[in-house]
Amino acid sequence: MQVPAYVEYEKATSVEHALALLTRFGPEARILAGGHSLIPMMKLRLVQPETLIDINGLSELSFITVADGELRIGALTRHAQLLDSAVAGEHFAILHDAERVIADPIVRNWGTVGGSLCQADPSEDLSGTFASLKATMVIRGPDGTRTVSAREFHTGPYETVVAPAELLTEIRIAIRPGCGSAYEKVGRRVGDWPVGAAAAVVWLAGDTIADAGLGLTAVGARNFAAAEAEEFLRGAPAGEDSYAEAGRIAAEHCRPSSDQRGPAGYKRHLACELTARALRRAVRRARGLDAAGRSA
Amino acid sequence: MRHGDGQMTGEGEAGGAYGPVRRKEDARFIRGQGNFTDDIRLPGMLHGAILRSPLAHARIASIDVTAAEAHPRVRAVITGQTLADRGLAWMPTLSQDVQAVLATDKVRFQGQEVAFVVAEDRYSARDALELISVDYEPLPPVIDARTALDPGAPVIRDDLAGKQDNHIFDWEAGDQVATDAVFAGADVVVAQDMLYPRSHPAPLETCGAVADFNKISGQLTIWTTSQAPHAHRTLYALVVGLPEHKIRIISPDVGGGFGNKVPIYPGYLCAVVGSMLTGSPVKWMEDRSENLMSTSFARDYHMHGEIAATRDGTILAVRATVLADHGAFNGSAQPSKFPAGFFHIFTGSYDLRAAHCQVTGVYTNKAPGGVAYSCSFRITEAVYLVERMVDILAGELGMDPAELRMKNLLRPEQFPYTCPTGWQYDSGNYPRALQVAMDIADYPELRREQASKRERGEHMGIGISFFTEGVGAGPRKHMDILGLGMADGADLRMHPTGKAVLSVSCQTQGQGHETTFAQIVAQELGLSPDDVDVVHGDTDRTPFGLGTYGSRSTPVSGAAAAVVARKVRERARIVASAMLEVAPDDLEWSGRRWQVRGDPEKARTITEIAMAAHGALELPEGVEGHLDAATVYNPPNLTHPFGAYICVTDVDPVTGQVQIRRFIAVDDCGVRINPMIVEGQVHGGLADGVGMALMQVIAFDADGNCLGGSFMDYLLPTSMECPSWELGATVTPSPHHPIGAKGVGESATVGSPPAIVNSVLDALRPFGVRHADMPLTPAAVWSAVQGHPYRSDLAIT
Amino acid sequence: MQITVNVNGADYAREVEARLLLIHFLRDDLGLTGSHWGCDTSNCGACVVWLDDVPVKSCTMLAAMADGHRVRTVEDLAVGGELDPVQQGFSECHGLQCGFCTPGMMMTARWLLDHNPDPAPEEIREALSGQVCRCTGYENIVRSVLWAAKHEAGQREAGA
């Protein structure tokens with residue numbers, strides 16, 4: 001098995017302490033949360049931080065609560081905890097859909113929501129998910145706290161707006177009535193990164209889609225979102241024609257690349273098809289129906 | 001027989017010690033007390049790490065190890081030059097080629113070994129690799145085997161005197177003239193290109209060795225992941241130049257082999273040299289990327305198959321041409337007279353008039369290997385070809401694939417059957433096996449369900465595969481590896497208190513030999529398997545033999561165990577006759593005792609006889625004491641297990657996703673010593689099929705970068721992709737095997753991929769898809785449905 | 001750096017490099033070779049142990065992350081020499097062949113049964129879906145866990 005290069009280590013005792021350590025050790029320091037994105041990269045020596053700042057002891061960053069009309073998820077929340085959270089699943093079924101297909105049950109025991117988002121892999125399931133939920137990222141730094149939309153969080157593959165001396169602390173999602181959400185993913189195998197995945201959140205007003213959030217993962221969608229397709233859906237009837245057209249628009253605006261998981265044409269096709277499937281399920285859920293269309 | 005209800009019964013066994021005996025070896029493994037190569041720790045042991053080439057094809061302009069040697073915890077750095085000075089830079093392969101141990105002039109595949117660091121701990125060894133600087137001058141690589149023989153293609157093996165191309169061998173079997181004539185006169189001829197992509201056995205434990213050379217005694221001891229410890233010992237003697245009696249190879253517990261642990265790898269030799277140079281034991285354990293990128297790959301056969309038949313579905317002949325990609329060195333492991341292994345059993349399970357195949361082997365800038373991953377020496381490739389061709393023919397004729405097979409399967413009265421390429425199949429009742437599988441599956445109901453689903457736009461597939469294996473290599477006059485005949489020894493010692501120790505040359509990597517071989521001896525001697533200890537893996541304690549791969553343990557070593565036990569039993573007869581004061585011919589064996597014919601109360605058990613044989617009893621003239629015996633078993637022929645598999649899949653043609661709903665496997669491996677272990681072997685092989693059919697490939701890009709270098713991209717099936725296997729069995733004993741057993745280790749790996757591929761393609765019939773290559777990932781299935789199936793072995797650019 | 005890890009009930013204080021992986025700490029520093037490693041990318045699960053009551057992939061943890069925490073390995077399954085029902089189940093149902101994946105499989109199975117004493121086969125398969133076996137094709141592993149579940153249910157009934 002491959003092993004990391006030499007690294008120094010500090011254990012943070014509080015968020016302030018973590019921030020102070022980040023400032024002290026500079027841009028070559030990295031936050032160590034679950035480590036299930038970082039440590040594999042260190043073993044392959046694709047990243048070689050000088051210092052690790054272990055924040056696993058910061059229980060104040062591990063929570064799932066509802067407050068002020070928002071679902072709030074602490075960045076240190078383990079994937080397994082989010083999958084297991086009744087309150088999260090009750091408001092946003094998409095969170096369970098997505099967590100269920102991220103990695104595997106053992107990795108989910110330790111990998112964190114914040115860690116995955118900050119890793120910013122272009123195939124990260126949570127990136128498309130939080131983009132569709134129009135979530136807000138809360139970032140703390142030496143100068144205080146700021147918020148950034150999930151859609152402005154990523155600046156490129158493996159790059160986010162979190163500065164070297166900052167820490168992602170929380171993800172917030174506004175709770176609005178009439179909501180239904182769903183995640184659809186195609187992988188080569190259970191636990192694989194997606195070949196393509198679509199996240200759909202709808203807010204219904206009667207039979208109309210009052211608002212929609214569409215996220216796409218692994219297909220080169222800008223900011224992991226399908227903004228043009230969302231625009232189309234606003235005010236559109238909740239029905240098959242809308243889903244199909246939204247899928248078509250989403251596919252048109254993404255830029256997948258060919259690789260071992262599949263050719264670009266296939267990924268674009270998935271963007272279209274999975275967007276439609278995710279919308280179909282999201283609307284069913286918004287109407288209180290199960291997958292077969294019966295009252296849930 | 002059993003009908004998929006999870007019960008383990010013992011049909012076909014001789015009773016007595018045969019049956020679902022719980023495994024003796026489990027006791028240590030379930031307690032975490034296994035002893036695998038990386039568990040071995042010796043005083044003063046050092047750790048090795050290999051620097052590997054990042055390029056597929058390049059000249060080495062220079063290599064500078066001074067910084068690495070200066071690392072405070074590094075004890076030695078070995079380069080190709082270090083080895084060349086000792087005549088060890090090149091070593092023979094198992095296919096009469098040579099392979100670089102550490103590169104000297106050129107690197108010829110990405111991942112090739114370039115330098116070896118020996119350090120005090122594994123982390124420092126890894127760090128020191130980064131302190132070695134190598135200057136490479138890139139050369140154009142040959143990656144697509146189909147271009148390897150193009151005029152002007154870069155010559156990979158310029159180390160071989162006079163080599164001007166990338167050609168390795170041409171080989172053929174069968175009668176080309178007769179076959180061409182049959183094809184020319186046939187009503188229907190169907191042809192298809194198909195690729196059996198490069199994959200890798202990927203046992204969960206990677207390969208490695210702990211080498212300990214004692215300068216004073218001149219003794220070299222190597223603990224290593226080897227499926228063939230004796231063959232390794234002889235090879236080390238030849239290569240390293242040490243006297244063979246000073247070399248001891250110990251295979252401790254081995255965490256899966258599947259053919260990956262047959263060859264000697266450069267890392268092992270480097271560990272040996274490292275130990276010689278430092279005077280300390282040196283451990284080298286490869287990591288997973290090294291395992292996938294540099295050790296023996298499997299398959300990579302580009303095949304063109306043709307099948308000829310009458311309009312009413314009588315199969316007449318098959319022919320095939322194959323381009324075999326062997327990588328940069330021909331390191332494939334098969335008997336020396338068979339460069340394409342047993343591929344010519346592609347005649348399959350059918351009554352054919354003629355057959356001919358031609359195989360061309362070529363070099364490419366990839367890792368060496370080819371024969372691995374439970375292929376039974378290329379029978380995976382052969383069975384895949386013929387079973388796909390039969391399905392394509394069924395489609396062409398508009399016949400049900402089960403019906404077409406049933407019509408053409410060999411009949412029981414035709415055995416022993418000599419196929420058009422010369423194999424003599426020992427025994428079989430093929431139609432019965434297929435019928436059992438169809439009954440378990442309720443085949444007619446599946447077809448009804450398929451029809452009604454198609455009307456609703458849902459797509460399920462039913463795929464069949466019928467295979468004939470050829471295992472138990474093999475008769476020494478035909479089968480040797482590097483001149484070592486494939487006959488295996490077995491020694492049996494009886495202690496005075498009637499306990500037995502069987503020493504065998506084969507090497508389990510999970511197959512349960514400590515239990516099944518004890519059962520064989522116990523069965524022959526009327527003992528309990530608990531009374532028999534099985535010793536294996538240590539060349540100092542076991543007789544010579546060629547090891548475990550190609551499903552040969554039961555057919556060869558199992559036969560040797562039965563024969564040696566019978567020798568002991570015959571010696572016991574003579575001792576018993578002295579004890580009972582009768583003539584030996586007056587005694588008959590009851591299954592548990594030698595008893596006087598007509599007076600069964602006058603009898604002695606083996607236990608009683610053992611004590612007497614060691615005691616003061618006066619023995620007849622010319623009879624030696626004790627009850628020990630030895631034998632070398634030279635198999636008269638291969639054995640031919642066979643099976644009928646049916647796979648049911650549900651396919652989403654819109655996303656390309658495939659779900660395996662059911663898999664029915666009926667196997668016939670002759671007499672089943674331990675049905676529980678037989679079933680476990682089948683289960684494991686069926687999972688291999690899921691991997692190969694749906695997700696596994698070692699692919700490369702145009703520059704020769706290996707894209708299957710980790711388990712993130714070389715995907716292995718999990719508990720979620722594998723269904724609950726439904727097993728059945730028939731028993732057709734082998735007429736030439738002492739206990740009628742045939743061996744089963746690789747049957748399911750051989751038979752399952754075509755069943756799954758046939759199933760998926762059956763589901764896609766409404767879309768007019770005739771063939772698509774493995775692995776049938778969602779992207780591959782979708783592309784086939786769109787009308788443009790693609791090759792998965794080269795990256796899409 | 002100095003760490004203290006409680007492993008199988010005993011405290012171990014050791015001087016380690018921060019980069020030392022937990023699996024190497026257990027195997028090489030403490031001699032607990034029952035847990036194995038089989039890949040570079042956290043896929044295979046041969047290294048599964050418990051960290052504070054949850055199964056984790058110890059190849060993807062630093063020993064430093066276990067400082068002040070509890071680790072449980074396969075060596076702790078048998079109590080006073082008596083096998084855990086999970087271990088018995090694996091032996092009864094031929095749930096192992098080469099034995100290399102087995103410690104990790106059993107640790108996850110033990111955790112599953114502690115939280116879900118009567119799992120359906122699909123639930124067992126999902127719980128084990130992050131761990132690879134190359135030998136068994138998984139069927140007998142599932143049967144082994146079902147055997148253990150049934151055996152424990154029987155013992156609870158007998159005890160009740």
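**Architecture, interfaces and local backbone features of the predicted complex**

In the predicted model, the secondary structure of chain B comprises 18 helices and 34 strands. The radius of gyration of chain B is 27 Å, close to the 28 Å that the globule rule gives for 797 residues, so chain B is as compact as a globular protein of that length. Along the principal axes, the C-alpha atoms of chain B occupy a box of roughly 85 × 75 × 50 Å. Of the 797 residues of this chain, 62% count as buried, and among its contacts between residues at least 6 apart in sequence, 79% join residues at least 24 apart.

Chain A contains 11 helices and 13 strands. Its radius of gyration is 19 Å, close to the 19 Å that the globule rule gives for 296 residues, and chain A is therefore as compact as a globular protein of that length. The C-alpha atoms of chain A fill a box of roughly 55 × 45 × 30 Å along the principal axes. Buried residues account for 56% of the 296 residues in chain A, while residues 24 or more positions apart make up 64% of the contacts in this chain that have a separation of 6 or more.

Two interfaces involving chain B were examined. In the contact between chains C and B, 40 residues of chain C meet 45 residues of chain B. The helices α2 (85–92), α3 (102–115), α4 (121–127) and α5 (139–159) of chain C each contribute at least two residues to the side of chain C that touches chain B, with α2(C) giving the most, namely 4 residues. The residues on this side of chain C divide into 17 nonpolar, 16 polar and 7 charged.

The largest nonpolar core has 412 residues, and those with the most contacts inside it are A250(A), L102(B), V117(B), A437(B), V521(B) and A561(B). Helix α14(B) gives the most to this core, with 13 residues. Beyond residues up to four places away in sequence, V521(B) touches L492(B), A500(B), L502(B), V532(B), A561(B) and A565(B).

Two packed helices are described by the angle between their axes and the distance between the axes. Helix α14 (residues 553–580) of chain B packs against helix α15 (residues 606–613) of chain B at an angle of about 80°, with the axes 9 Å apart; α14(B) and α15(B) are therefore roughly perpendicular to each other. In this contact, A572(B), V575(B), A576(B) and M579(B) of α14(B) meet I606(B), I609(B), A612(B) and A613(B) of α15(B), and by class the contact has 8 nonpolar, no polar and no charged residues.

Within helix α11 (residues 430–441) of chain B lies A433(B), which counts as buried because 24 C-beta neighbours are found inside 10 Å. Apart from neighbours within four places in sequence, A433(B) is in contact with F642(B), G643(B), A644(B), V666(B), D668(B) and T730(B). In chain A, 8 of the 8 residues of helix α8 (residues 125–132) are buried, so this helix is largely enclosed by the rest of the structure.

Most residues other than glycine have a negative phi, and most peptide bonds are trans. Just after α8(A), K134(A) takes a positive phi of about 50°. A positive phi of about 60° is also found at A120(A), although A120(A) is not a glycine; this residue is placed in the loop between α7 (113–119) and α8 of chain A and, with 20 C-beta neighbours inside 10 Å, counts as buried. In chain B, the phi of D300(B) is near 65°, a positive value in a residue other than glycine. D300(B) lies in the loop between β15 (297–298) and β16 (301–309) of chain B and is buried, with 24 other C-beta atoms within 10 Å.

Cis peptide bonds were assigned in chain B. One joins F415(B) and P416(B), with omega about -5°, and P416(B) lies in the loop between α10 (401–408) and β20 (417–418) of chain B. A cis peptide bond also joins M774(B) and P775(B), with omega about -10°, and P775(B) is located in the loop between α17 (747–763) and α18 of chain B.

Methods: Residues are numbered from 1 along each chain as its sequence is written. Chains are lettered from A and ligands numbered from 1 in the order in which they are written. This is a predicted model: local features need pLDDT of at least 70, side-chain atom pairs count only at pLDDT 80 or more; totals for chains, interfaces and linings use all residues. Axes are lines fitted to C-alpha atoms, for helices over the stretch in contact, and angles run from 0 to 180 degrees between N-to-C directions. Angles under 35 degrees count as roughly parallel, over 145 as roughly antiparallel, 65 to 115 as roughly perpendicular and the rest as oblique. Two residues are in contact if their C-beta atoms, placed from the backbone, lie within 7 Å. Ala, Val, Leu, Ile, Met, Phe, Trp, Tyr, Cys and Pro count as nonpolar, Asp, Glu, Lys and Arg as charged, and the others, Gly among them, as polar. The radius of gyration is taken over C-alpha atoms; the globule rule is 2.2 Å times the number of residues to the power 0.38. A residue is buried if 20 or more other C-beta atoms lie within 10 Å of its own, exposed if 12 or fewer, and partly exposed in between; C-beta atoms are placed from the backbone. A nonpolar core is a set of buried Ala, Val, Leu, Ile, Met, Phe, Trp, Tyr and Cys residues joined through C-beta atoms within 7 Å.
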